[in-house]
Amino acid sequence: MTAIRTENLIKKYKNGVQALNGLSLAVKEGEIFSLLGHNGAGKSTLIHILSTYQAPTSGLVTMFGKDIYREASEIRAQISCVAQQTSIDTHLSLTENMMFQSKLYKVPKLEAQKRMKTLISCFGLERYMKYPVSSYSGGVKRRLDLALNMMTNPKVLFLDEPTVGMDIQSRMVMWDMMKKIRNDFGTTIFLTTHYLEEADQLSDTICIMKNGKEILQGTPHSLREYLRQDMLKISFETKEQAQDCFEPLRRVVGLKESDLRRDKIIAGLKNGHNDLEKANWWLLEHGIPFLGIEIMQPTLEDVFIRLTSEDDKEVSEWVF
């Protein structure tokens, strides 16, 4: 069953800014759906519309087959939103926070207590119950925030950049939490993230946005196959070395601005091993120090950069 569907969604603000430009997407029930796009692509506007905080200028939005504006009160009872800023009250204990959340949504007390016990166990929060919430790390507060928002047993959970600012260990714990929410509770998760690795690891479906419109939707595997070409990767010790070599190499193998990535140059191969040999010969002939040169399969980052780069003014629409 389709959990969320938008058709030709347009949002134009009074100041003339058009945040969404005919966006259409479909989210399946019980999946993790990730939304990717640069700042200004329209991700936040879309979240606000889907969570009924804003109305679109035009277009259709349905959730579980219901129009989310004609039946907004019913939809709001079935969704929950976790913003970048946690909604925890640090003056309350862990259990007080969770029970307070259930009271806000009029969950019966016995049902709320049972659900709270389940969520504390699922999210590994038992060990923190004896400590004040104000002493929790950012990662633990985020886990508690997720647990709070699951107290209402939502059908759809919106997560806006849930792991921003976390170290890799905390992010991996959060990834496990999101998988648990999907697998154990059957909740549909609608996720925005800037971490491509996160989207790749978690998502059943990914949608890449640009200028308020979807440009590619599909599984992580199908998105990686979009480029249909091998990639040339040259690794340097420092980003300065990569920058120094970029312009000369650009003339040798036809690089784009978006191919320079920190201490690496990663480009699509137009002429296969020919480009590899030309680049390798040029580096050796000019005595340029580099850590390695190889041909590799495209990653999700390669696809994202190719589709959202300003180098590519026109992008074909693909849906897998």
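The questions and answers below concern a predicted model and look at its helix packing, salt bridges and surface.

Q: How many helices and strands does the secondary structure of the chain come to?
A: The chain has 320 residues, of which 48% count as buried, and its C-alpha trace spans about 75 × 45 × 35 Å along the principal axes. Its secondary structure comes to 11 helices and 15 strands.

Q: Is α3 roughly parallel or roughly antiparallel to α5?
A: Helix α3 packs with helix α5 (residues 138-150) at an angle of about 30 degrees, the two axes being 8 Å apart. Because angles under 35 degrees count as roughly parallel, the relation of α3 to α5 is roughly parallel.

Q: Lys233 forms a salt bridge with Glu294; how many residues apart in sequence are the parts that the pair ties together?
A: The closest N and O atoms of Lys233 and Glu294 are 4.0 Å apart. Lys233 is buried, at 19% relative accessible area, whereas Glu294 is partly exposed at 38%. Since Lys233 lies in strand β11 (residues 231-235) and Glu294 in strand β14 (residues 292-296), the parts tied together are apart in sequence by 61 residues.

Q: Which residues are linked with Arg250 in a network of salt bridges?
A: The side chains of Arg250 and Glu257 meet in a salt bridge with an N to O distance of 2.7 Å. Arg250 is partly exposed, at 26% relative accessible area, and Glu257 is also partly exposed, at 45%. The residues linked with Arg250 in the network are Glu257 and Glu247.

Notes:
Residues are numbered from 1 along each chain as its sequence is written. This is a predicted model: local features need pLDDT of at least 70, side-chain atom pairs count only at pLDDT 80 or more; totals for chains, interfaces and linings use all residues. Side-chain values use heavy atoms; hydrogens and water are left out. Axes are lines fitted to C-alpha atoms, for helices over the stretch in contact, and angles run from 0 to 180 degrees between N-to-C directions. Helices (H or I, at least four residues) and strands (E, at least two) are DSSP runs, numbered from the N terminus. Angles under 35 degrees count as roughly parallel, over 145 as roughly antiparallel, 65 to 115 as roughly perpendicular and the rest as oblique. Buried means under 20% relative accessible area, exposed over 50%, partly exposed in between (1.4 Å probe, protein chains only).
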